[in-house]
Amino acid sequence: MEAAIANSEAARRVTLVERFLAFNDWPASRKVLLLGCLSSPTTLLAASVNQIITNSDTAPSAVNLQLLNPFLMVWLIAQVAVTVLAWIGVRTGSRSGVLAYLYAAINVPFIVAIIHLYGTMSTPFVAIVPTIVILWMLYFDEKVATFGMILMFSAITLVHVLEVQGTLPYAPMLVGRVIDAQRSASWFLAIFTAILILFTFSFSICLLLLAARRTQQRRLDEARDQLERSNRIIRRYLPSQRVDQIQSGAYVDAARPERRKLTVVFSEIEGFTEAAESLDPTQLSRVLNEYLSRMMSLADAHGATVNHLVGDSIMMFFGAPQATDDLDHALRAVRMTLQMQRDMEVMARGWMEQGVTRPLRARIGINTGYASVGDFGSQGRKIYTGIGVQTNLAARIQAHCEPGKVLISHPTWALVHERIPCDRKDEIQVKGVRHAVRVYELDPAVHA
C-alpha cells in the first residue's frame, strides 16, 4: 500500500514537472492571460475588503484607508484591460512578447504608488520590488525583468526625490507623522543601497540560472538530435527489434545465446549475379536498393528480424528477440513472403521498362525449427543471429524453389495449412540433412 502511494506521488510529481516544462513554452499572451486571471480577482477582493473595513467602526485610526480605494479600482481597470488584450492575443495565436513588456509597464506605477502611500523607504512593501522583478524574470525572461527593473527603480527614485523636495507627501496613508524623519536623503540612501546590493546579487543569480538552463537545454537538444541521428544509422545495420531492446534498456550485454523455435525466411533473386554483369553501376545500385528497401519495409511491417543482407540474399526470422507463438510466427512469415513475391513482380516490370533485359524473380524458402539465437562474436564486435541446422535448411529449401514462388518445409506447413492453401511438392535432398525433406509450394496469387 505504501509503495503504491509512493508511486502515485512520484507520478504526480512527474506530471507537474512535465506541465511546468510545457508552461515554459507558452507564448507571452497566454502567460499574461494567466496572470491577469489571477491578479484581477485578487485586486477586486482586496478593494472589496478595504471598502468594508473603511466603512466599519473598527477602521484603524493610524491609516487613511480612503486613499486606497480609488487606487485599487484604477489598478483593477488596468489589469482587466491588459487581460483582455492577452485574451485577444491568445485567440489570434499571437506569439509576440510585447504583451509581457506592456504588463510590466502597467504594473510598475501601481507597485511604486502603493510603496509611496505607505512610505517609500519605510514600508515593508518595498520588498515587493525585488520579488516582482525576480518573478518576471522566471515567469517571462530576463529581458522583461530588466525592463521592469529599470522602470521600477527609476520610478522609485523619482518619487522619493519629489518626496524629499516636498512636492509629494511622504507616506500619505499614515495618519501618525513620526515617520517623517525617514524622508531624508540620507535615510533613503542607506535603505536604497542595502536593497540594491541584495537585489543585484539576487538578480545576478537568476541571470546565471536562466543562462545555465538555456545552455543545458541547448546541450540536451544537441544530444537528443545526435542520438536520433545515431539511432537512425544504427537501424540500418541492426535488426529493428534488437534496436528497440537496446533503446528500452531490455538489452543485456552478457546474455548468452538461447534455444528458440524460429520461423526462418531466406530470399534470393534468381540469376542476379549474372544479371548484374550486364548492368552499369548506377542501374545496378538503383535495382538493388529498390529491392532491398521494399523487402525491409515488408519485414518491418510484419515484425520480422532481419538477420543479414548479402548482396541480393536476405535472411530473416520470426520468434526472436520478441516472440508470440509458433502459429503467429509462421503465418506472419508466409503472408510476408507472399506479399514480397507480389511486389517483386511489380518491381520487375518496372525494371524491364527501365532497360533491364533479363527478368528478375525471387526464390523464397521458409522453415520452422529450433536454433541458437543471441549475440555471437568478440567483445569488440558482435552480431545478433540464429544458427543451427534449421536456419541452414531455409537456405537449402530456397535453392530448390521455383522463381516467383515460395517453398516451405513440413513443420511450417503443419502450422499454416489450415489457413493458407499449400501444394505438396516432391521431397528434396539437401546438403547437411540425411533424410529427404518434404516441402510445399505457396502461390503468391493467393491472398492469405
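So, D326 and K261 form a salt bridge, with the closest N and O atoms 3.6 Å apart. By salt bridge I mean a side-chain nitrogen of Lys or Arg within 4 Å of a carboxyl oxygen of Asp or Glu. D326 sits in helix α11 (residues 326-353) and K261 in strand β1, so this pair ties together parts that are 65 residues apart in sequence. D326 counts as partly exposed at 29% relative accessibility, and K261 is partly exposed too, at 28%. For the cut-offs, buried is under 20% relative accessible area, exposed is over 50%, and partly exposed is in between, with a 1.4 Å probe and protein chains only.

Before I go on, this is a predicted model, so local features need pLDDT of at least 70, side-chain atom pairs count only at pLDDT 80 or more, and totals for chains, interfaces and linings use all residues. Residues are numbered from 1 along each chain as its sequence is written, and side-chain values use heavy atoms, with hydrogens and water left out.

Back to the charges. The salt-bridge count comes to seven. Another one is E268 with R363, where the closest N and O atoms are 3.7 Å apart. E268 lies in strand β1 and R363 in strand β4, so here the pair ties together parts 95 residues apart in sequence. E268 is partly exposed, at 22%, while R363 counts as buried at 15%. R363 is also the bridge partner of E268 in β4. Then there's R332 with D328, at 2.9 Å between the closest N and O atoms. Those two are four residues apart in helix α11, so about one helical turn separates them.

Now, β4. Which strands does β4 pair with, and in what sense? Strand β1 (residues 258-269) pairs with β4 in the antiparallel sense over twelve bridges. Strand β5 (residues 382-387) is antiparallel to β4 as well, over six bridges, and there G377 has K382 as its bridge partner. With strand β6 (residues 406-409) the pairing is parallel, over three bridges, and G365 is partnered by L407. Pairing here means DSSP finds at least two bridges between the strands. Helices (H or I, at least four residues) and strands (E, at least two) are DSSP runs, numbered from the N terminus. As for cover, twelve of the 16 residues of β4 (residues 362-377) are buried.

Next, P257, in the loop between α8 (240-248) and β1. Its C-alpha atom is 4.0 Å from that of G374, 117 residues away along the chain. Leaving out residues up to four places away in sequence, P257 touches V373, G374, D375 and F376, where a contact means heavy atoms within 4.5 Å. P257 is partly exposed, with 37% relative accessible area.

One helix pair as well. Helix α2 (residues 28-55) and helix α4 (residues 98-118) pack at an angle of about 30°, their axes 7 Å apart. Axes are lines fitted to C-alpha atoms, for helices over the stretch in contact, and angles run from 0 to 180 degrees between N-to-C directions. On the α2 side the contact is made by A28, S29, V32, L35 and S39, and on the α4 side by L99, A100 and Y103.

Finally, the overall picture: 13 helices and eight strands, with buried residues making up 40% of the 448. That's it from me.
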